[in-house]
Amino acid sequence: MRIAIFDHRVTPNSPVGSCHLHLVAGLCQEHEFVVFASEFANPCPARIQYVPVKVPRRPLVLQYTCYHAAASVAYQRYLRIAAQRPDIVQVA
């Protein structure tokens with residue numbers, strides 16, 4: 001199964017992002033993941049595809065707002081390039 005994860009920070013020190021990090025690390029041997037994030041601590045680069053989403057780092061409100069717009073553009077670009085659409089999309 002192909003799963004797309006959208007979260008602006010998928011790192012160990014991000015509350016929601018750390019949950020996504022544990023999820024992809026635990027399931028990457030069984031499923032294909034593509035992560036759309038501005039920061040991602042990839043636990044398995046061979047099995048998890050990372051699509052960087054460029055956003056300003058400060059202020060946090062601007063980062064969060066820009067992430068949703070930039071992630072949407074990155075996803076549309078990914079769909080044009082990828083051979084297959086994700087089966088599930090998880091957005092945080």
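The following legends describe close-up views of a predicted model.

Local features are given at pLDDT of at least 70 and side-chain atom pairs at pLDDT 80 or more, whereas totals for chains, interfaces and linings use all residues. Residues are numbered from 1 along each chain as its sequence is written, and side-chain values use heavy atoms, without hydrogens and water.

View 1. Four strands, in the order β5-β3-β1-β6, form an open sheet with parallel pairing. Strands are DSSP runs of E with at least two residues, helices are runs of H or I with at least four, and both are numbered from the N terminus; two strands pair if DSSP finds at least two bridges between them. Because β5 (48-52) and β6 (88-91) each have a single partner strand, one side of each lacks a neighbour in the sheet. On average, neighbouring strands are turned by 20° against each other, direction ignored.

**View 2. Pairing of β3 with β5.** Five bridges join β3 (residues 32-37) to β5 in the parallel sense. Within β5, Q49 is the bridge partner of V34.

**View 3. Helices on the sheet.** Helix α1 (residues 15-27) packs on the sheet and touches β1 (2-6), β3, β5 and β6, contact meaning heavy atoms within 4.5 Å. The direction of α1 makes about 155° with that of β3. Axes are lines fitted to C-alpha atoms, for helices over the stretch in contact, and angles between N-to-C directions run from 0 to 180 degrees. Helix α2 (residues 60-81) also packs on the sheet, touching β1, β3, β5 and β6, at about 140° to the direction of β3.

View 4. H8 lies in the loop between β1 and β2 (9-10). H8 counts as buried because its relative accessibility is 16%; buried means under 20% relative accessible area, exposed over 50% and partly exposed in between (1.4 Å probe, protein chains only). Leaving aside residues up to four places away in sequence, H8 touches A37, S38, E39, Q63, Y64 and Y67.
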